Amino acid sequence: MAFAYFSTAQLVPFIIGGVCLICSIGLFLGSSRKLSLIFLFSGAISLGFFISNLDPFLNLWDEQFHALVARNMVETPLMPRLYPVPILEYTHTDWTQNYIWLHKQPLFLWQIALSIKLFGASELAVRLPGILMFALAALFVYRIGKIAYSDRVGFFGAVFFISVNYLLELLTGKHSTDHNDVAFLFYVTASFWAWFEYQAKKSVYWIVLIGIFSGCAILVKWLVGLLIYAVWFLTIGANNRKDFFRIKNYYPMLIAFGVTMLITLPWQLFILNAYPVEATYEFKLNSTHFFHAVEGHGGDFWYHFRVLKKIYGSGDLIPFLLLAGLIIFLIGTRHRKYRIAIGAAVVIVYGFFSIAATKMDSFCIIVLPFVMLGMAAFVDKIFLWIAGKNRFHWLNNLFQFIIIGGLSYSFINLSKVAGYHVDKGNAVNELRSQNLKLMQFIDQLPREVKEQPYVVFIPNHRLKSSVPVMFYTHVIAYDFIPTQEQLEKVWKQSYAVAIEDNGNLPDYIREDARILKL
């Protein structure tokens with residue numbers, strides 16, 4: 001069994017999370033709605049802690065860079081830096097070696113920086129904001145499903161949402177763009193939640209929240225955060241075509257959009273003024289994603305449809321089940337406006353990213369809540385059909401309890417988690433092994449190196465080792481053997497030099513007593 005691969009300490013939060021989910025499902029089927037949501041939230045937090053504590057290191061690629069920039073932002077929140085000090089030459093066109101780091105919008109980095117400020121520089125501190133957003137997003141999914149379809153579909157969709165293996169792995173930094181995508185998913189989902197609440201209650205409060213959440217989404221991952229406005233526009237006149245031509249029907253959307261601009265524009269104007277070279281380059285790079293495959297991340301039109309199996313499950317029937325669920329969900333929505341909004345969101349996202357030249361696995365996960373609600377609608381249809389054939393209420397509830405719990409467990413895919421995060425029997429996870437060796441190297445650095453102004457050169461690891469070394473210590477690190485000119489530049493800036501000895505160092509390093517050999 002997959003449980004055998006984990007230690008008892010590792011399994012404790014998983015067991016707690018499982019118990020919370022079991023209680024949540026049982027309470028919901030027993031009509032204790034509010035209490036069931038409390039257990040659902042607690043279960044999501046526990047599952048997040050379980051998977052986030054499996055790797056005692058920062059994952060390559062993106063998590064390491066996000067973590068280091070966030071740690072440097074603790075001291076200078078308005079000055080995102082990869083290297084705390086630019087000791088040696090760098091290029092602003094390479095986000096893996098840059099100084100001023102504007103490769104991503106700053107909000108999720110500020111969140112991680114706050115967590116590091118409160119809890120110290122650790123893997124869990126880096127992952128904690130994602131865990132909280134993940135759990136809160138489940139409640140948004142529940143409310144969207146309840147408003148658009150039914151209480152049951154909203155709840156089942158939220159349970160499925162927190163069980164998706166791919167989403168859980170994003171919390172650990174296992175997949176590219178990791179915490180950036182978790183935060184983006186959270187704020188986009190929040191903007192849709194606020195929109196559905198507004199449609200149900202027509203309060204200015206929700207208009208403002210739509211604007212805030214959309215603005216926050218842009219401050220995480222740029223202009224796709226405006227998705228809610230494209231959807232909102234398409235729903236105007238859904239019930240009466242004449243409404244489409246009435247200017248007053250656009251006022252709420254314009255107010256929300258104004259709030260979004262108040263949230264997003266100050267940062268863009270600030271970096272253009274403070275860091276014009278870096279900001280201009282990144283804005284141009286963002287604009288090329290649609291027409292050019294940036295950094296080799298390309299693919300054909302069907303790329304994101306093939307990735308469905310990676311995100312939602314490996315079975316050949318997965319895409320067809322997801323499509324069937326979405327169709328059932330759309331047909332059963334309570335209002336035509338909701339049907340247009342949900343359908344448009346899915347079509348726009350998959351259509352846009354399928355046409356765009358740059359492809360990455362996580363680009364389309366912002367519609368994951370709707371996909372899971374579709375799966376919930378599919379399952380609920382089956383439950384209601386069986387309930388119509390069976391007069392025993394308790395037996396129906398028991399059946400639903402077993403199926404929802406079983407599907408949730410299968411979505412988590414504990415065996416896949418073990419394959420990523422532990423060594424299974426004789427099968428050694430090579431990348432994990434390298435990361436553990438790097439952490440051992442960091443732990444064994446001499447105290448003088450960790451506490452005094454040192455530049456450390458680490459040419460021997462296959463990983464991008466300089467980044468985690470800088471995160472866990474106060475040294476400045478590089479992944480290459482320095483030239484004599486580079487060494488002189490370091491010494492002129494009053495830094496000592498240490499280098500990992502691979503037994504093949506050039507004479508000018510091996511014979512220089514000023515250089516500490518590690």
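Visitor: Is S31 buried or exposed?
Guide: In this predicted model, S31 counts as exposed, with a relative accessibility of 56%.

Visitor: And where is S31 found?
Guide: S31 sits in the loop between α1, which covers 8-29, and α2, which covers 33-52.

Visitor: What is the phi of S31 near?
Guide: The phi of S31 is near 75°, which is a positive value in a residue other than glycine. That deserves a remark, because most residues other than glycine have a negative phi.

Visitor: What about T177, where does that one lie?
Guide: T177 lies in the loop between α7 (165-172) and α8 (178-201), and its phi is near 70°, again a positive value in a residue other than glycine.

Visitor: Is T177 buried or exposed, then?
Guide: T177 is buried, since its relative accessible area is 6%, whereas S31 is exposed.

Visitor: Changing topic, how many disulfides does the structure hold?
Guide: The structure holds 0 disulfides. Taking C20 as an example, the nearest cysteine sulfur belongs to C23 and is 6.6 Å away, while a disulfide needs the two sulfur atoms to be within 2.5 Å, so C20 is in no disulfide.

Visitor: Is C20 buried or exposed?
Guide: C20 is buried, with a relative accessible area of 10%, and C216 is buried as well, at 13%.

Visitor: Which residues have the most contacts inside the largest nonpolar core?
Guide: That core has 173 residues, and the ones with the most contacts inside it are F161, Y187, F192, F196 and F370.

Visitor: What is F196 in contact with?
Guide: If we leave aside its neighbours within four places in sequence, F196 is in contact with I144, I147, A148, Y338, I342 and F370.

Conventions:
Residues numbered from 1 in each chain as written. Predicted model: local features only at pLDDT ≥ 70, side-chain atom pairs only at ≥ 80, totals over all residues. Heavy atoms only, no water. Buried < 20%, exposed > 50% of the residue type's maximum accessible area, 1.4 Å probe, protein only. Core = buried A, V, L, I, M, F, W, Y, C linked by side-chain atoms within 4.5 Å. Contact = heavy atoms within 4.5 Å. Helix = DSSP H or I, 4+ residues; strand = E, 2+ residues; numbered from the N terminus.
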